Amino acid sequence: MSAQLAFDYPASVSLGGADFFVSDANRQAWTLVTAPDTWPEGKLALSGPQGSGKTHLARVFAARTGAAVLQAADLPADLAPPGPVVVIEDMERLPPASQAAVFHLHNHLRATGGHLLVTAAMAPARWSLTLPDLASRMQAATHVGIADPDDDLLAAVIIKQFADRQIAPAPDLAAYLAPRIERSFSAAAAIVAALDAAALATGKPVNRHLARTLLDKAHAAGR
């Protein structure tokens, strides 16, 4: 298993390149995000479900390039170019009043040889952009998506979730959990949060026995 790991986490979580786990599910995204000189017209759209590692990848990119990292929902209508390399996260949340500013930022970066990385939960064609010029520019961007996790990535996400909560279960617990939960990033986050809460409530250690108890309860409740 690679020594790199991916997941979107709270601010206290490590988001360095050494913490990003590369698997078949995200290898293309990793390759493209870390090679901005290959982006046509200097722009890339990165999409994936919550928890798939978009923020992590964006922060790796920013650390390597010095990019300014902006949140789409917070962008003002009079946005000025913050630098030659820019990340805009959660583009599907861009307010209508700020779309013209992002359109001009896009054109400025293209004209000056800058780079623009945008992230979202879905592909650009599904964003609710009301400014046709911006919508066409974003839909023309190279797009790479992060797929649902494979077994290796799901286990790695679980391990990283434990580590970031400062929980150190037996090394084989993640491998035990991975095939027993839904194959999704949200399910990995949910099971680790549930184990953490159960351990705090009962005073019991996070181990396979506790995991089996929670999984059995969830299975019974789902019948």
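The chat below goes through a predicted model of one protein chain.

Student: What are we looking at, and how many helices and strands are there in the protein chain?
Tutor: The protein chain has 8 helices and 5 strands, where helices (H or I, at least four residues) and strands (E, at least two) are DSSP runs numbered from the N terminus. This is a predicted model, in which local features need pLDDT of at least 70 and side-chain atom pairs count only at pLDDT 80 or more, while totals for chains, interfaces and linings use all residues. Residues are numbered from 1 along each chain as its sequence is written, and side-chain values use heavy atoms, with hydrogens and water left out.

Student: In what order do the elements run from the N terminus on?
Tutor: The order is α-β-α-β-β-α-β-α-β-α-α-α-α.

Student: And what box do the C-alpha atoms fill?
Tutor: Roughly 60 × 35 × 25 Å, taken along the principal axes.

Student: How do H5 and H7 pack?
Tutor: Helix H5 (residues 151-164) and helix H7 (residues 185-202) pack at about 35 degrees, with axes 9 Å apart. Axes are lines fitted to C-alpha atoms, for helices over the stretch in contact, and angles run from 0 to 180 degrees between N-to-C directions.

Student: Which residues of H5 and H7 make the contact?
Tutor: From H5, Leu153, Leu154, Val157, Ile158, Gln161 and Phe162; from H7, Phe185, Ala188, Ala189, Val192 and Leu195. Contact means heavy atoms within 4.5 Å. By class there are 10 nonpolar, 1 polar and no charged residues. Ala, Val, Leu, Ile, Met, Phe, Trp, Tyr, Cys and Pro count as nonpolar, Asp, Glu, Lys and Arg as charged, and the others, Gly among them, as polar.

Student: What does aspartate 196 touch?
Tutor: Arg165 and Ile167, not counting residues up to four places away in sequence.

Student: Changing topic, which residues line the largest cavity?
Tutor: Glu41, Gly42, Lys43, His106, Leu109, Arg110, Gly114 and Leu116. A cavity is a set of points on a 1 Å grid over the protein atoms alone where a 1.4 Å probe fits but cannot get out, and lining residues have an atom within 4 Å of a point.

Student: What classes are in that lining?
Tutor: The lining has 2 nonpolar, 3 polar and 3 charged residues. Helix H3 (residues 99-112) gives the most, with 3 residues.

Key. On a 1 Å grid over the protein atoms alone, a cavity is a set of points where a 1.4 Å probe fits but cannot get out, and a pocket is an open set with protein on both sides within 12 Å along at least five of seven lines; lining residues have an atom within 4 Å of a point.
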